[in-house]
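Biologist: Before I rely on any label in this model, I would like to hear the rule behind it. Could you take me through them?

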Amino acid sequence: MPAGVNLYVKFIRLTYSQDDDVGGAYPTGTILHPWVAGRIEEAPARTDFLQQGLETRKIFSGMFWGNELNFREQDEVEIVSPPNHKYFGKRFRVISATEPNNHPAQKRNYYLAKLERSQIAHSEVYQ
């Protein structure tokens with residue numbers, strides 16, 4: 001495991017195929033990568049927005065290690081370990097994903113991403 005890793009995540013690709021009771025599509029997802037080592041840090045807030053009192057989205061930067069990770073914008077990242085993490089079980093949406101431009105023979109295998117906290121409307125499942 002690389003140095004600096006402090007959590008494990010899973011990547012989820014959402015699809016909107018089923019209708020719920022109120023007429024909207026309920027998001028379901030496919031797990032792309034179930035157990036990926038990584039690190040997520042909150043990006044510092046912009047001081048000019050804070051001084052004006054504007055509300056801004058919380059942006060996070062993530063670094064993930066793995067062989068041939070296949071994720072893209074609008075996929076979601078959920079923290080699965082450790083259970084005492086501040087955002088355990090919470091989801092983040094990928095805003096931008098970048099691959100390192102190393103030579104393919106180098107086995108660094110890390111991927112960078114910008115994330116934001118994800119909120120799902122109608123997230124309670126009524127039975």
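The conversation below sets computed values against the rules that name them.

Modeller: This is a predicted model, in which local features need pLDDT of at least 70 and side-chain atom pairs count only at pLDDT 80 or more, while totals for chains, interfaces and linings use all residues. Residues are numbered from 1 along each chain as its sequence is written, and side-chain values use heavy atoms, with hydrogens and water left out.

Biologist: How many helices and strands does the protein chain have, and how are they defined?

Modeller: The protein chain has one helix and six strands, in the order β-β-α-β-β-β-β from the N terminus. Helices (H or I, at least four residues) and strands (E, at least two) are DSSP runs, numbered from the N terminus.

Biologist: What makes S4 and S5 a pair of strands?

Modeller: Two strands pair if DSSP finds at least two bridges between them. Three bridges join S4 (residues 76–81) to S5 (residues 91–98), so the two are paired, and they run antiparallel.

Biologist: Why is Glu78 called buried?

Modeller: Buried means under 20% relative accessible area, exposed over 50%, and partly exposed in between (1.4 Å probe, protein chains only). Glu78 has a relative accessible area of 14%, and therefore counts as buried. Glu78 is in strand S4, and its contacts (heavy atoms within 4.5 Å) include Tyr8, Val9, Lys10 and Ile12, not counting residues up to four places away in sequence.

Biologist: Why does Asn109 count as partly exposed?

Modeller: Asn109 has 24% relative accessibility, so it counts as partly exposed. Asn109 lies in the loop between S5 and S6, where it touches Phe64, Trp65, Gly66 and Asn67, not counting residues up to four places away in sequence.

Biologist: What makes Lys10 and Glu78 a salt bridge?

Modeller: A salt bridge is a side-chain nitrogen of Lys or Arg within 4 Å of a carboxyl oxygen of Asp or Glu. The closest N and O atoms of Lys10 and Glu78 are 3.9 Å apart, so the pair meets the rule. The pair links distant parts of the chain, with Lys10 in strand S1 and Glu78 in strand S4, 68 residues apart. By this rule the count comes to six salt bridges.

Biologist: Which salt bridges does Glu76 form with Arg91 and Arg93, and how accessible is Glu76?

Modeller: Glu76 meets Arg91 at 3.4 Å, N to O, and Arg93 at 3.3 Å, N to O. Salt bridges that share partners join Lys10, Glu76, Glu78, Arg91 and Arg93 into one network. Glu76 has 0% relative accessibility and so counts as buried, whereas Arg91, with a relative accessible area of 24%, is partly exposed.

Biologist: What makes a group of residues a nonpolar core, and which residues have the most contacts inside the largest one?

Modeller: A nonpolar core is a set of buried Ala, Val, Leu, Ile, Met, Phe, Trp, Tyr and Cys residues joined through side-chain atoms within 4.5 Å. The largest has 17 residues, and those with the most contacts inside it are Val9, Ile40, Phe64, Phe71, Val77, Phe92 and Leu115. The elements that give two or more residues to this core are S1, S2, S3, S4, S5 and S6.
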